[in-house]
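Here are my notes on this one. Have a look at the model first, then go through the points below.

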Amino acid sequence: MDKLGINLPWFLTQLTGFLIVLFILRQFTYKPILNMLETRKRKIAESLEYADKVKADAAAQQKDFERRLDEARREAQVAAQSAQQAAEQERQRILAEAQAEAAKIKEAARGELDYERKQMVSELRQQVIDLSVLGAQRVIGANLDDRKSRQLVENFLNEMDFGANGRKPASTREGAGA
Amino acid sequence: MRNPKVWIAIIALLVVGGVIKTWLTFSVDAVRASVAIAPEILFNLAGFDVTPTIITLIIVMIIIILLAVFSTRNLQLVPGGLQNIMETAIEQLINLFEGIAGPKWRDFFTIAASIFILVIVSNFVGLIPGAGSIGIIKLDEKHPTAPEGIFILGDAPAFIHTTSLFHKNQLAQGVPEQELEEEQALVPILRAPTSDINLPLALALVSVIMTQVYGMRAQGLRYWTRFFSFGRIIRFFADAFKGHFKIGEFFFGLIDAFVGAVELVSELGKIIAFTFRLFGNIFAGEVILLIMAFLFFALPIPFYGLEFFVAFIQAFVFAVLTVAFMRLATAEHGGESHEAQHH
Amino acid sequence: MTDHGLQLIGAALAIGLAAIGPGIGIGLVANGALQAIGRNPEAAGTLTTTMFIGIVFTEALAIFGLVISFLIGFGIF
């Protein structure tokens, strides 16, 4: 034993050295570092969880956004369609209106024409009356009572049924000829 | 290696080495390397023999304490510098121990990790150039005229040659041949504490005794049935007292007792194995480096690298075996408890 | 032959003979470990650790021989 170098004081010195090292390492290194590792592990787990949550949130937001985008797109489509329909309706309406207007204008023009013709017929009639009365005066040489002779021609024309509504029935020509 | 500080440090080391070599050597050739299993005594301090290993142990302790205190002085959540290194080391140890002992690693961590750190730092300090080769020549009754001062074990093959320059010097000084002194051995100032058998023995005892403590804490008094398993033989005698003789029970009882005795011996053998494995590896490494240095100029370099590897592996193995034995001791040995329930 | 010569022969024999078995043993351990790593490269980390433990147990025998050799060689016995 002695020749191997084992002796009590040296042994105790080395043992004490080891125990001091053990105590100091435990107090100053293992405890704080193990705590720190634990804390860090927890922190990392927490931040991973948080990151997951944020990622999930982002995904949800993305989904929501896409959904809304879709909705907007669909709405726009619907709006465009309805606008198209409205335009078509408007077109139809305007067309119909225009047609109606045109018809009305045509009608009005025809009415005016009629009226003018009637006017012309009645004027013609006056002149025919005047002419016939004048002719008759020349024929008989007397001054016919103006009023009375006019009345007569008038009646005759009425009997001939001439010109009251602008139409010329067959009898009118016969009457005029007579 | 781009760091200029590294180069400055290397150059400074070389300059210091050169200065030491030129100024401090007295007579390099005069001394022979000391290869002694028992650590040499440097000086006596109030009745206590101080050895190189004790001085080195104090240096090792200072290094570890500084590391321990400075690495955790202000702990940050995001580590940097020394804290990072220490944390990485501790984490590696945790992974290692967890792989061996499972969730029980926490119980064994303090002792095993401390053993690892102390052993690895001791081994590395023992490998510092100069440890083992810078020393003093000790005066004793046989050598009252030894030169004083600090010496470097030089490149002279004094270890191999029987007649050294010291003898020639003595002859030249007119000392009669029959009064020639024997060569004197250089006592190094630094020597790895692990190459002194006391530290490995202390660590082995701590490891084995704490294994028993943990075993008893885990299993109570039943733990000791592992070594003293006389249960069956006592049962046999109890039965025999009542009148039934079961010869089979008797033989099984003998086998149990024998197995227990073997366990006990192997437990004691563990102390010896732990001690001599560490001591033998480190001491043999030192001797090999010394011998290689005397054989050829650059021969120690590959062995020096090997010694670094050995220094790490021995620390690793000491810690790993400690944890493995502690786990074995705390594990229930299923067979016996199973049987106990049946009877 | 002097006593010292016998002592040195004893020391050389002690380490020489003690190195034979562990030499073979370490070869076997490394062989097994390398085959296992070759078959299952993912387990290389664990296998390396276990291999080193195995090597150290084997090597311990050689170291015991070496220590005995030192003890004999330095005349401690």
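1. How many residues does the contact take from chain A and from chain B? Chain A gives 32 residues and chain B gives 47 residues, with contact meaning heavy atoms within 4.5 Å. Keep in mind that this is a predicted model, where local features need pLDDT of at least 70, side-chain atom pairs count only at pLDDT 80 or more, and totals for chains, interfaces and linings use all residues. Residues are numbered from 1 along each chain as its sequence is written, chains are lettered from A in the order in which they are written, and side-chain values use heavy atoms, with hydrogens and water left out.

2. About 3400 Å² is buried between chain A and chain B, and carbon and sulfur atoms give 79% of that. Buried area here is the accessible area (1.4 Å probe) that two parts lose on being put together, summed over both. On the chain A side, look at A:Trp10, A:Gln14 and A:Phe18: they supply 22% of what chain A buries against chain B, more than any other three residues.

3. Two salt bridges link chain A and chain B (a side-chain nitrogen of Lys or Arg within 4 Å of a carboxyl oxygen of Asp or Glu). B:Arg106 and A:Glu38 meet in a salt bridge at 3.2 Å, N to O. Over all chains, the structure holds 13 salt bridges.

4. Inside chain A, the side chains of A:Arg73 and A:Asp70 also form a salt bridge, at 3.5 Å, N to O. These residues are about one helical turn apart because they sit three residues from each other in helix H1 (residues 8-140) of chain A. Helices are DSSP runs (H or I, at least four residues), numbered from the N terminus.

5. In chain B, the axes of helix H4 (residues 105-126) and helix H6 (residues 198-219) come within 11 Å and cross at roughly 170°. H4(B) and H6(B) are therefore roughly antiparallel (angles over 145 degrees). Axes are lines fitted to C-alpha atoms, for helices over the stretch in contact, and angles run from 0 to 180 degrees between N-to-C directions.

How values were computed. Helices (H or I, at least four residues) and strands (E, at least two) are DSSP runs, numbered from the N terminus. Angles under 35 degrees count as roughly parallel, over 145 as roughly antiparallel, 65 to 115 as roughly perpendicular and the rest as oblique.
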